[in-house]
Amino acid sequence: MVAHNESFVCPTCQSALTQSVECLRCDACDSNYELDRHIPIFTELGDAEDLEEMVELVALAKSQHQNSADRVREIFRLPNRPNNKARFRTEAKAFEFFDEKAPQPQNLKILNISCGIGREASLLIDRGVTDLTILDISSPAILYADKHLRECFPSLKLTSVVSDASLLPFKDNEFDLVFVYGSAHHYEAFETFIEQALRVSKKLIILSEPAMMGSLQGMFNTLGWNTEYGGVDTHRIDEHQVMQICSKHGYRFSSARVSQYYPKILDRLGDNPIAITLWFGFLSFLDVVLPKSMRHSLSFQVESTVRPPA
């Protein structure tokens, strides 16, 4: 049976759903949503190339952790990134904004959008989160994350969903917080996503997004060098555009910009304490001397000013 089925609504028309053995059904718009085990699939990843890439990612993740001595640590590691101390330091720097804005996450019902294979979900759980819904557009990723989160954290109240970030299949005000880590720059319907997030929750926190870097970005583009994984063509979030969207809808906006990039060329030194101290000391220096608009990583919070009904 689907866990917490009462929280779901039809993503197309927001009507209530009924459940059978094989699907969730919306009688209002005559839509059926398949169940894979207990997980509802409201929309599936449409790009064949992206789907193949995610299937390969999940397969690599499975092969990595099966023979690992530290299974919980390895099980949610993305195969294309090292699981070293520098990686943890980078994530910890990104999560400083989350820790400031959500100091007691154990009291919150959280929706983690674009959860992938569960890496960031495991970091939320490490911070005390006990009521978590994970959502991704890839069913292979969700099936992997759901299986292993339940195995590693048996007391966790977990709901798993396959859906699009801009078409959330949940009731209004269902969550205390919507959380995204490093994925929002991929969303084509970005404004719709923010509207949907603030429909189903009180606030939205987004961490570690590649941001526009002003004239500094122009220099990097000329040199053919980039501060993210995707090369100079990485899509970047324009903070001013986000602020305009928030102003248009009457949302409150707050943000932080930091330098947290750890380049692949230094991966071999990723567990060297001296190298890590020097590199992150250099990044802290950049945070002081660079204008906020030139720091590459953007984290922000958006809150609705409309009080939800009691």
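With which side chain does the side chain of His185 make a polar contact? The partner is the side chain of His186, at 3.3 Å. A polar contact here is a pair of N or O atoms within 3.5 Å; within protein, one must be able to donate a hydrogen and the other to accept it, and residues adjacent in sequence count only if both atoms are side-chain atoms. The model is predicted: local features need pLDDT of at least 70, side-chain atom pairs count only at pLDDT 80 or more, and totals for chains, interfaces and linings use all residues. Residues are numbered from 1 along each chain as its sequence is written, and side-chain values use heavy atoms, with hydrogens and water left out.

His185 belongs to the loop between E8 and H6. Helices (H or I, at least four residues) and strands (E, at least two) are DSSP runs, numbered from the N terminus. With a relative accessibility of 3%, His185 counts as buried; the term means under 20% relative accessible area, whereas exposed means over 50% and partly exposed lies in between (1.4 Å probe, protein chains only).

Strand E9 (residues 203-210) has 8 of its 8 residues buried, so it is largely enclosed by the rest of the structure. Strand E8 (residues 177-181) pairs with E9 in the parallel sense, and the chain passes from E8 through helix H6 (residues 190-200) to E9 in a right-handed β-α-β crossover. Right-handed means that, with the strands pointing away from the viewer, the path from the first strand over the helix to the second runs clockwise. Strand E11 (residues 297-303) is joined to E9 in the antiparallel sense.

Strand E5 (residues 109-113) is likewise described as largely enclosed by the rest of the structure, because 4 of its 5 residues are buried. E5 runs parallel to strand E6 (residues 131-136), and E5, helix H4 (residues 119-126) and E6 form a right-handed β-α-β unit. E5 also pairs with E8 in the parallel sense. Asn112 stands opposite Ile134 in E6 and opposite Phe179 in E8. The table lists these pairings; two strands pair if DSSP finds at least two bridges between them.

| Strand pair | Sense | Bridges |
|---|---|---|
| E8 and E9 | parallel | 4 bridges |
| E9 and E11 | antiparallel | 6 bridges |
| E5 and E6 | parallel | 5 bridges |
| E5 and E8 | parallel | 3 bridges |

Individual residues can be located in this arrangement. Val180 has Ile206 in E9 as its bridge partner, and Ile205 stands opposite Gln301 in E11. Ser208, found in strand E9, has a positive phi near 55° although it is a residue other than glycine. Ser208 counts as buried at 15% relative accessibility. A positive phi of about 55° is also found at Asn173, which is not a glycine. Asn173 lies in the loop between strand E7 (157-162) and E8 and is partly exposed, with a relative accessible area of 30%.

E1 pairs with strand E2 (residues 23-26) over 2 bridges, and Thr18 has Arg25 in E2 as its bridge partner.

**Helix H3**

Helix H3 (residues 85-101) has 17 residues and spans 25 Å from its first C-alpha to its last, close to the expected 24 Å; the expected span is 1.5 Å times one less than the number of residues. A kink of about 35° is centred on Phe95, the bend being the angle between axes fitted to the seven residues ending there and the seven starting there. Phe95 is one of the buried residues of H3, which also include Arg87, Glu91 and Lys93. At the start of H3, a side-chain oxygen of Asn84 comes within 3.3 Å of the backbone nitrogen of Ala86.

**Arg236 and the cysteines**

Arg236 lies in the loop between helix H7 (214-223) and helix H8 (239-249). Arg236 is buried, with a relative accessible area of 6%, and a polar atom of its side chain lies 2.9 Å from the backbone oxygen of Ala211.

A search of the whole structure finds 0 disulfides, a disulfide being a pair of cysteine sulfur atoms within 2.5 Å. Cys10 is in no disulfide, and the nearest cysteine sulfur, that of Cys29, is 3.5 Å away. Cys10 is buried at 0% relative accessibility, and Cys152 is buried with a relative accessible area of 18%.
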